Amino acid sequence: MLHSIQHLNYGSKCIEYKLIFTTRKSLGIKVLPDGLVNVIAPNDSSITDIHTKVKSKAKWILKQQLFFDNFKPHSPARKFINGETHLYLGRQFKLQIIESTTNEIKIYRGEMIIKTKKSNPEYLERKLNEWYKDKAIQIFDEILTHSIVKFEKYKIERPTLEIRLMEKRWGSCTKSGKVILNTELIKAPKGSIEYVIIHELCHLIHYNHTQKFYELQTKLMPDWEKWKIKLEKVML
Ligand SMILES: [Zn+2]
């Protein structure tokens, strides 16, 4: 596949994208979790046409990049102060920070209540990330448990789950049958988490993205595309 790096000015912003020519018939734009933009274009399309089309989506691209910024654990935009919103399972929650003799985080009536011994941002960030990780371990495991039922007739072994931060991917799997999920997925809707898990489980049967792979994924989760889009577009 041929590819090149292109630049596009939009207002005061410069959008950099990787242009990839393929045999597909229509143009596709994808913003990856690390903010990189991939544009896939039909082999015979002109750079001018592609530029115009990408420009018409510039607003969406910038929104997407901003959205993914929200996921970044060390985003400078995060202040960890009262009223700031943080994502959990696809919803935004307002932080309410309460100084206390104990540490506790809970979700209550649209708020993320943090009882904390210290209220400096670095401490709160660490505590909140620990809480996200705990929730990720618990919820990803639950979703795996109910998703694997759909795979009964394929006789796959329940994979070991590994949960860690990843810069470029939501999930991956190894040939030895381990599924690795991005901790940040805990900020996405449950359906999107299920989509990533089912996607990785399908890889235990078909390792590559072949037509058979997609047929199986569609059979087991007919609305996977909707959840994939939500994962790439939530909260616009
Ligand atoms: Zn895959």
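**View 1. The open sheet.** Three strands form an open sheet in the order β9-β11-β10, with mixed pairing; strands here are DSSP runs (E, at least two residues), numbered from the N terminus, and two strands pair if DSSP finds at least two bridges between them. β9 (160-164) and β10 (171-173) are the edge strands, each pairing on one side only. This is a predicted model, in which local features need pLDDT of at least 70 and side-chain atom pairs count only at pLDDT 80 or more, while totals for chains, interfaces and linings use all residues. Residues are numbered from 1 along each chain as its sequence is written, and side-chain values use heavy atoms, without hydrogens and water.

**View 2. The pairing of β9 with β11.** β9 and β11 (residues 178-182) pair in the parallel sense over 5 bridges. E162 stands opposite I180 in β11.

**View 3. Helices α3 and α4.** Helices are DSSP runs of H or I, at least four residues, numbered from the N terminus. α3 (residues 121-148) and α4 (residues 190-203) pack at an angle of about 60°, with their axes 10 Å apart; axes are lines fitted to C-alpha atoms, for helices over the stretch in contact, and angles run from 0 to 180 degrees between N-to-C directions. α3 is therefore oblique to α4 (under 35 degrees is roughly parallel, over 145 roughly antiparallel, 65 to 115 roughly perpendicular, and the rest oblique).

**View 4. The contact of α3 with α4.** Residues of α3, including I139, F140 and I143, meet residues of α4, including I193, I197 and L201; contact means heavy atoms within 4.5 Å.
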